[in-house]
Amino acid sequence: MKNIPNIKLTIEEYMRITEEQGFSKGGEGVICTTDNPNTLYKFFKNPENDFLIDMPENKVKKIARLYQLEPSFSVKPLNTISAGNYIVGYEMTYNPRFIPFKRACLSKQEKLEILKKIKVALEYFQELNIVYGDVKSNNILIEPQTGKIQFCDMDNVQ
């Protein structure tokens, strides 16, 4: 069984990245760019006040398990990230050719084909005992040219 590697940042590096390298924000975290064009960082925040927080322990366990499983149809965790003595986030794969399903300009037929692929992916996750409960159009990424799909926000699976 392989253990997920960890990237160690200083508090100053962590703060600089979260302040200067923002990519997107969600209810529980902030996504930041990295020096690698094929990865992103996710750091966690308190949804009530937007202050950065430690990565919740249950999410650390999920990310470590997903790292071991390497499931298809998903963005993959590559490393946890620590700042000081705390795990504060993780690094994940990123492919700039993929866009949120929500933003894709597709015909009805193309949408139907994507929905069929989503069903296949969810059934595959079920076979791995992964429950993906946050199914929504901005958590499903598609590559418009090929019709490939990927689920993101994988730290919310059960």
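Residues are numbered from 1 along each chain as its sequence is written. In this predicted model local features need pLDDT of at least 70 and side-chain atom pairs pLDDT 80 or more, while totals for chains, interfaces and linings use all residues, and side-chain values rest on heavy atoms, without hydrogens and water.

Me: What makes β4 and β7 a pair of strands?
Reply: Two strands pair if DSSP finds at least two bridges between them. Strands (E, at least two residues) and helices (H or I, at least four) are DSSP runs, numbered from the N terminus. Strand β4 (residues 39-45) and strand β7 (residues 86-93) have 5 bridges, in the antiparallel sense, so they meet the rule of at least two. Within this pairing, K42 stands opposite Y90.

Me: Which strand pairs with β7 over 6 bridges?
Reply: Strand β6 (residues 77-83) does, in the antiparallel sense. I81 is placed opposite G89 in β7. The hairpin of β6 and β7 has 2 residues between the strands, and G84 there takes a positive phi near 65°.

Me: Why is the pair of F23 and Y94 called edge-to-face?
Reply: A pair of aromatic rings is described by the distance of the centres and the angle of the planes. Rings of Phe, Tyr and Trp (its six-membered ring) pair if their centres lie within 6.5 Å; planes under 30 degrees apart count as stacked, over 60 as edge-to-face and the rest as tilted. By this rule there are 9 aromatic pairs. The centres of F23 and Y94 are 5.4 Å apart and the planes stand at 75°, so this pair is edge-to-face. F23 is in strand β2 (residues 22-25) and Y94 in the loop between β7 and β8, 71 residues apart.

Me: Why does F23 count as partly exposed?
Reply: Buried means under 20% relative accessible area, exposed over 50%, and partly exposed in between (1.4 Å probe, protein chains only). F23 has 42%, so it is partly exposed. Y94 is also partly exposed, at 23%.

Me: What kind of aromatic pair do F73 and Y124 form?
Reply: Their rings are 5.5 Å apart from centre to centre with 70° between the planes, which is edge-to-face. F73 lies in the loop between α2 and β6, and Y124 in helix α3 (residues 108-127), 51 residues apart. Both belong to one aromatic cluster that includes F125, Y132 and F151.

Me: How do you know that the buried residues of α2 are on the same side?
Reply: The buried residues of α2 are K59, V60, I63, L66 and Y67. They cover an arc of only 130° around the axis, and therefore lie on the same side of α2; the arc is that of the directions from the helix axis to the C-beta atoms. On the other side, E57 and K61 are exposed. The buried residues pack against β4, β6 and β7, where contact means heavy atoms within 4.5 Å.

Me: Why is D153 called buried?
Reply: D153 has 19% relative accessibility, so it counts as buried. D153 lies in the segment after β10 and has a positive phi near 60°. Most residues other than glycine have a negative phi.

Me: Is N129 buried or exposed?
Reply: N129 has a relative accessible area of 67%, so it is exposed. N129 is located in the loop between α3 and β9, and its phi is positive, near 60°.
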